[in-house]
Amino acid sequence: MAFTADNLAADARFLAAILHCADQMLAIYRESPRIASIFAAQQRWLMAHAGFALHYGYSGETKAGLYSGRFIDFAVRNDIASRNTAAAFMQEMLAYRFLRQIPGPDKRTRYLEPTEIAEQHFTRWLVAHMMILDSLDGGERADKITADPSAMMAAIQPLIARAIIGSEAVRNPGATFNLFNWANSGGLVMDYLISRLPEFPRTAERVVLGPLSLREIREQFMISNTHLKRLLMQAATMESIGWTQPSRKGDFWLSARFIREYWNYQAAKFAIIDAAAEAVLGPAVRDEPQARKVI
């Protein structure tokens, strides 16, 4: 049986899993900032999932195929983006050569498909999540996907996309999470902050991370000083982050409420991914000694 969000949210080992996930997303960004910019804010991430799913065959729809008009209508209908934002995203993906034009059944329509580089990076995202699930229960999801990545991506990703797009727990996990994840590069900043967690005692009101270098964050994620300070000040006003001394001095901390929002979001997302994997690959073959492994 696939993990549920409640299972994962209650599992103390899941902290190590989400820290590893944050590290993986940061590693993708460092290797390819342009492709990782797709994961840097929720709206772009949802649009990317929608585009792939429409190309492969969105679950519940009668036909597969990605073209601009269909993508824009889908983004608006599912409250992902405005028509202008969705159209601009498609043009950006073409300009970055993450999409390319292909022949289609209707010569009047400009059909598109993800390029190899886009598919490789999205497959890497999928495999990274499967490896984390495998580390929790000793399953072999990642190995099965890497044995035939193109076919597995085409089968599993539309199921993930449909569930994510319809999930309130993933799309709206909490006020502070939303603040970061809807800001430009905010998702990466949030992953960076979470990745520095030393631990998360469930009874703690806040967790101290130690000194925080705004300069390091600005340089790493190419975010302006004004934008970064505004983002952190908004979160500080919400009492979700802060410093141990006045005037942003001393050690930096995260509130337990903010950490739980991130934790619950990841639990909901991983449960969706595991359910999709089980639907395509069958139940994970679990080994009890490995199930106690902590990554």
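Modeller: A residue counts as buried when its relative accessible area is under 20%. Please bear in mind that this is a predicted model.

Colleague: Then is Leu212 buried or exposed?
Modeller: Leu212 has a relative accessible area of 15%, so it is buried. Leu212 sits in the loop between strand S4 (206–210) and H13.

Colleague: Which residues does Leu212 contact, leaving aside its neighbours within four places in sequence?
Modeller: Tyr192, Leu193, Arg196, Ile217, Trp243 and Phe252 are in contact with Leu212.

Colleague: How many Å separate the C-alpha atoms of Leu212 and Lys249?
Modeller: The separation is 9.2 Å, while the two residues are 37 places apart along the chain.

Colleague: Where does Trp243 lie?
Modeller: Trp243 belongs to strand S5 (residues 241–245). Trp243 is buried, at a relative accessible area of 15%. Residues up to four places away in sequence aside, Trp243 touches Leu212, Leu232, Met233, Arg248, Lys249, Gly250, Asp251, Phe252 and Trp253.

Colleague: How far apart in space are Trp243 and Ala50?
Modeller: Their C-alpha atoms are 39 Å apart, and 193 residues separate them in sequence.

Colleague: What is the strand order in the sheet that has S5?
Modeller: The order is S4-S6-S5, in an open sheet of three strands with antiparallel pairing. From one strand to the next, the twist averages 40°.

Colleague: How many bridges link S4 and S6?
Modeller: Four bridges link S4 to strand S6 (residues 249–255), in the antiparallel sense. Val207 is opposite Leu254 in S6. H15 packs on this sheet and touches S4, S5 and S6, and the direction of H15 makes about 50° with that of S6.

Colleague: At what angle do H9 and H15 cross?
Modeller: Helix H9 (residues 149–165) and helix H15 (residues 256–281) cross at roughly 140°, and their axes come within 9 Å. H9 and H15 are therefore oblique to each other. The crossing is right-handed.

Colleague: Which residues of H9 and H15 meet?
Modeller: From H9 there are Met152, Ala155, Ile156, Leu159, Ile160, Ala163 and Ile164; from H15 there are Ile272, Ile273, Ala276, Ala277, Ala279, Val280 and Leu281. The contact has 14 nonpolar residues, no polar ones and no charged ones.

Colleague: And how do H13 and H14 pack?
Modeller: Helix H13 (residues 214–221) packs with helix H14 (residues 225–237) at an angle of about 120°, the axes being 10 Å apart. H13 is thus oblique to H14. Their crossing is right-handed. Leu214, Ile217 and Arg218 in H13 meet Asn225, Leu228, Lys229 and Leu232 in H14. By class, this contact has four nonpolar, one polar and two charged residues.

Colleague: Turning to the other sheet, what is the order of S1, S2 and S3?
Modeller: That open sheet of three strands has the order S1-S3-S2, with antiparallel pairing. Strand S1 (66–67) and strand S2 (99–102) stand at the edges with a single partner strand each, so one side of each has no neighbour in the sheet.

Colleague: How many bridges join S2 to S3?
Modeller: Four bridges join S2 to strand S3 (residues 111–114), and the two strands run antiparallel. Leu99 stands opposite Pro114 in S3. Helix H6 (residues 83–95) packs on the sheet, where H6 touches S1, S2 and S3; the direction of H6 makes about 90° with that of S2.

Colleague: And how many bridges pair S1 and S3?
Modeller: Two bridges pair S1 with S3, in the antiparallel sense. Tyr67 has Tyr111 in S3 as its bridge partner.

Colleague: Which residues lie on the two faces of S3?
Modeller: Tyr111 and Glu113 are on one side, with Leu112 and Pro114 on the other; all are buried, and both faces of S3 are covered.

Colleague: One last topic: which residues of H5 are buried?
Modeller: In helix H5 (residues 68–77), the buried residues include Arg70, Phe71, Ile72, Phe74 and Ala75. The buried residues of H5 pack against helix H4 (42–56), S1, H6 and H9. Asp79 follows H5 and has a positive phi, near 55°.

Methods: Residues numbered from 1 in each chain as written. Predicted model: local features only at pLDDT ≥ 70, side-chain atom pairs only at ≥ 80, totals over all residues. Heavy atoms only, no water. Axes fitted to C-alpha atoms, helices over the stretch in contact; angles between N-to-C directions. Parallel < 35°, antiparallel > 145°, perpendicular 65-115°, else oblique. Left-handed = near helix turned anticlockwise from the far one by under 90°. Contact = heavy atoms within 4.5 Å. Nonpolar A, V, L, I, M, F, W, Y, C, P; charged D, E, K, R; others polar. Pairing = 2+ DSSP bridges. Buried < 20%, exposed > 50% of the residue type's maximum accessible area, 1.4 Å probe, protein only.
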